[in-house]
Amino acid sequence: MTTDAVALTQDVQSHYAQLKAQLAEHAHRYYVLDEPNIPDTQYDLLYQALEKLEAQFPQLISLDSPTQRVGGAVLDTFRSVEHGQAMLSIRTETDTTPQGAVSFDERMRKELSLDDSQAPIDYVAELKFDGLAMNLTYFEGVLVRAATRGDGLFGEEVTQNIRTIRQIPLKLKAQGTLAVPEWLEVRGEVYMSRADFEALNERQRLKIAQGLKNEKTFVNPRNAAAGAVRQLDSKIASQRPLSFFAYGVGVVVNHLVNLSSSQLNAPKPQVSGQTALLPDWTTPKVTQSSQALLSLGIKDHFSLLQTLKAWGFPVADQACVVQGAQGLVGFHQSMGLAREHLPFDIDGIVYKVNRLDWQMRLGFVTREPRWAVAHKYPAQEQLTTVLDIDVQVGRTGKLTPVAKLKPVFVGGVTVTNATLHNELEATRKDVRIGDTVIVRRAGDVIPEVVGVVVGERSAQSLPFKMPMHCPVCGSLAVKEVLEADHRCSGGLFCSAQRKQAIWHFASKRAMDIEDLGEKLIDQLVDTKSIQSVADLYRLDLSALVSLERMAQKSASNVLASIEGSKKTTLARFLYALGIRHVGESTAKDLAIHFGDLARIVLATQEELLQVNDVGPVVAQSLRTFFAQTHHMELIEQLQALGVHWPKMQAQSDTSLPLQGHTYVITGTLTNFARDDAKAALESLGAKVAGSVSKKTTAVIAGTEAGSKLDKAIALEVKVLDEDAFVALLQAHGTKGF
């Protein structure tokens, strides 16, 4: 080794490490503490010096370098990743009054067997942010993965985008004797401040005024934040001003060496260079992180928040310890008064029992911790004016009166429409054109008219009446006995129903025609290119290319999606037909019970009632649907055009061959969509579970199988590759995939 090489190792690497540490500290002071101690120009000089070193010695670049916050490759899609510890939902207290806090305290005292003579319980009261829950994974103190909450067990990996948030540390700071755990999941909320949201929309409005295409303003801060997190290009995400608050942890492993060998059978993540994040790493599974925190000397939740702050995370200043029901009520009321003045949106408060040992003692119910509750504020209400009342036509012909409102900001969004549900509801509230009304919206609930300010009503106003004819096609509007809804009798002759029926047919859970969106369907129907769902399979390239904004490549993608949808399942096909009262679950039950479409079509009312969860209303709806000639002609056309599904063995015929067996599917199968593989197993009577246990019959493992395969091997559960899975299906007569 030459002298110059030694100098490179000792001097350059030392200087590089020093620059990284300085920049990290200054970024923390600027973005988290809001206490910068150097001017921007000096920070820029340090940053440029770091860039120059990395350009000269690229082998120095590491994941925790400030230069690595932006600039990852553009992704095709987000991959699904499993959380080491489930991101549980928190029970919502239905009573939004102070009594909701009192009820929670009473419940906690009862479950902890505390009588009135004992001291009040210490709680941590935190803000319930209106943002996007996020799980950050750190290995050896370095950020290696970020994932959305997803379904609580699996989320989407969004690491590149989360690294653009300056408040999130790329490397954690050890504090004195409190070492950073070797493996750590930090939970928190990604949000956008109100000021940043308004500034973003102002920039968007300027782009729109300049005539830039595909630009739009955002509805509210939460939607803007969620859209930024799910950008496939991290450079675009970096242009959206996101912020973060930490509020808890998931997996906490102080020393990986203490884990079982089955958890360590994959190579550890590499954090010393520009390497792939978490390459095939099996995340440690820990069900009780409180025990690990206690071993670190962290005995309560508030201390955990302070530790997160010490490690470099922003924690909301409003979080505090309060005593008993009185403290909870006081915090809820004070934050309610301060809510409109906060720099970010909240929709309630979260209460948590402070002591970790008490959290462990209280435990969990289903997928919710007993020791925490979300206490929301009453739904927000505003006054506005009814400009008109329109009648919309749904997929099943339902006519819904909708109040067209003078735009009003309520519940975090600008509201212009509010449903009146049906004629009965509109009459009960007596909503009229020109009325001043109270509009309510809470969370993602559809805005509704709460009531009318009758004192401001014009003497010339007239009560609303449901039209006698469909506003779209002019067909007679009918109302069935014992029903509140009016429906258009035009069926597929009504263009409104036709569009909705085609959209439903093409949707992901039905025929899954991925590239066929609502706007394209509107064009196809409006130009009379299609009259029914069967016409989708008659489309050619010239018909699609002639449409507005449809290039040849896009048209080819649409045709490929349509062609691919021909191979489906009986359950999906039944659901796609849009039979009234037949949802996804009922369609699956019908397919499993009868095994064949012809048998369902010919089934009597009594035979249909033998199907799980099929009652008289569903049975009658099925009989009515299949009794109509045009529906049967449509089904025949679809089958003649190539729509097909595998033959199934009817559950009603005999005991199914895999009855009582449980399978788990993991990884990617080459010849099967996950839903198709699941449907094939269920058609043979098997149960398809989401996790592996000793009771699992077998695990079906495709490529890139992860922790489920590892667990199967550890438990000595039988593992089938895709060829063995196909052989299993064929052995029991399931063909056609």
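Visitor: Which residue in E7 does Ala-133 stand opposite?
Guide: Ala-133 stands opposite Glu-189 in E7. Keep in mind that this is a predicted model.

Visitor: And how many bridges does E4 have with E7?
Guide: Strand E4, residues 132-139, pairs with E7 over eight bridges, in the antiparallel sense.

Visitor: What order do the strands of that sheet come in?
Guide: The order is E5-E4-E7-E8, four strands in an open sheet with antiparallel pairing. Strand E5 (142-148) and strand E8 (243-253) each have a single partner strand, so one side of each is left without a neighbour in the sheet. On average, neighbouring strands are turned by 25° against each other, direction ignored.

Visitor: Which helices pack on the sheet?
Guide: Helix H6, residues 221-229, packs there and touches E4, E5 and E7. The direction of H6 makes about 40° with that of E4. Helix H9, residues 301-311, also packs on the sheet, touching E7 and E8, and the direction of H9 makes about 110° with that of E8.

Visitor: Switching to rings: how many aromatic pairs are there?
Guide: A search of the whole structure finds 15 aromatic pairs. One of them is Phe-129 with Tyr-191, a stacked pair at 6.4 Å centre to centre with 15° between the planes.

Visitor: What about Phe-505 and Tyr-537, how are their rings arranged?
Guide: Their centres are 6.4 Å apart and their planes stand at 80°, so this pair is edge-to-face. Phe-505 belongs to helix H13 (residues 495-506), while Tyr-537 lies in the loop between helix H14 (518-526) and helix H15 (541-545), 32 residues apart. Both Phe-505 and Tyr-537 are buried.

Visitor: Which residues do ring pairs link into a cluster?
Guide: Phe-129, Tyr-191, Phe-245 and Phe-344 are linked that way.

Visitor: Now cysteines. How many disulfides does the count give?
Guide: The count comes to zero disulfides. For Cys-470, the nearest cysteine sulfur is that of Cys-488, 3.7 Å away, and a disulfide needs the sulfur atoms within 2.5 Å.

Visitor: Is Cys-470 buried or exposed?
Guide: Cys-470 is buried, because its relative accessible area is 3% and the cut-off for buried is under 20%. Cys-320 has 23% relative accessibility, so Cys-320 counts as partly exposed.

Definitions and conventions
Residues are numbered from 1 along each chain as its sequence is written. This is a predicted model: local features need pLDDT of at least 70, side-chain atom pairs count only at pLDDT 80 or more; totals for chains, interfaces and linings use all residues. Side-chain values use heavy atoms; hydrogens and water are left out. Rings of Phe, Tyr and Trp (its six-membered ring) pair if their centres lie within 6.5 Å; planes under 30 degrees apart count as stacked, over 60 as edge-to-face and the rest as tilted. Helices (H or I, at least four residues) and strands (E, at least two) are DSSP runs, numbered from the N terminus. Buried means under 20% relative accessible area, exposed over 50%, partly exposed in between (1.4 Å probe, protein chains only). Two strands pair if DSSP finds at least two bridges between them. Axes are lines fitted to C-alpha atoms, for helices over the stretch in contact, and angles run from 0 to 180 degrees between N-to-C directions. Contact means heavy atoms within 4.5 Å.
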